[in-house]
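Dear colleague,

I am handing over the structure that we talked about, and below it you will find notes on what was found in it. Please read them with the structure open beside you.

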Amino acid sequence: MSGLAKRIAILPVAALALGGGAPLPHSATTGKAAKVVVTVTNLRNADGVVLACMTASEKNFPKCRGVAGTKSSRVEAHEGRLTLTFEDVPPGNYAIALLHDENANGKADRALGMMPREGFGFSRDAPVRMGPPAFHDAEFGIGTQDRSMTIRMRYML
């Protein structure tokens with residue numbers, strides 16, 4: 001199913017591996033909420049699920065567990081590509097973390113305690129060095145206009 005695009009509306013969901021599901025806070029800036037459309041590319045297979053988290057919390061990025069200011073979802077994986085839509089996003093600064101949880105166990109599996117066995121991705125395709133990127137490397141701003149972006153899933157093993 002390479003190249004298959006699937007559109008999925010992401011709504012707040014409680015107790016996910018990457019997210020706490022609390023509503024996103026409203027920014028001091030007034031205006032309508034926007035939509036963020038994320039095309040996830042380079043999924044190596046259709047095994048498991050893709051966990052997605054969008055947060056305004058620099059302190060808790062990229063885990064996003066139990067954090068106010070987070071939208072998250074757990075969706076069936078598709079080989080090649082899929083499209084995720086974050087609805088009703090108030091203006092502010094956010095970062096997105098993705099995990100291709102191939103065995104659907106709700107966590108990022110690692111080899112030798114360090115190297116990710118499963119796919120991952122971040123907004124702005126933030127670089128991964130000796131660990132996940134900092135919030136500011138993945139950060140993007142949202143105003144009142146809808147926004148689209150592409151995040152490439154990466155695999156180390």
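**A serine and its surroundings**

The side chain of S123 reaches the backbone nitrogen of I96 at 2.9 Å, and it also reaches the backbone oxygen of A138, here at 2.5 Å. Polar contacts of this kind are pairs of N or O atoms within 3.5 Å, where, within protein, one atom must be able to donate a hydrogen and the other to accept it, and where residues adjacent in sequence count only if both atoms are side-chain atoms.

Before going further, please keep in mind that this is a predicted model, in which local features need pLDDT of at least 70 and side-chain atom pairs count only at pLDDT 80 or more, while totals for chains, interfaces and linings use all residues. Residues are numbered from 1 along each chain as its sequence is written, and side-chain values use heavy atoms, with hydrogens and water left out.

S123 lies in the loop between β9 (119-122) and α1; helices (H or I, at least four residues) and strands (E, at least two) are DSSP runs, numbered from the N terminus. Is S123 buried or exposed? S123 counts as buried because its relative accessibility is 0%, and buried means under 20% relative accessible area, exposed over 50%, and partly exposed in between (1.4 Å probe, protein chains only). Leaving aside neighbours within four places in sequence, S123 is in contact (heavy atoms within 4.5 Å) with A95, I96, D137, A138, F140, M149 and I151.

**Aromatic rings**

A pair of aromatic rings is described by the distance of the centres and the angle of the planes. The structure holds three aromatic pairs, where rings of Phe, Tyr and Trp (its six-membered ring) pair if their centres lie within 6.5 Å, and planes under 30 degrees apart count as stacked, over 60 as edge-to-face and the rest as tilted. One of them joins F61 and F135 edge-to-face, at 5.9 Å centre to centre and with 85 degrees between the planes. This pair links distant parts of the chain, 74 residues apart, since F61 is in the loop between β3 (49-55) and β4 (70-76) and F135 is in helix α1 (residues 135-138). Both F61 and F135 are buried.

F120 and F122 form a tilted pair, 6.1 Å centre to centre with 45 degrees between the planes. F120 is buried, at a relative accessible area of 9%, and F122 is buried too, at 6% relative accessibility. Ring pairs link F61, F120, F122 and F135 into a cluster.
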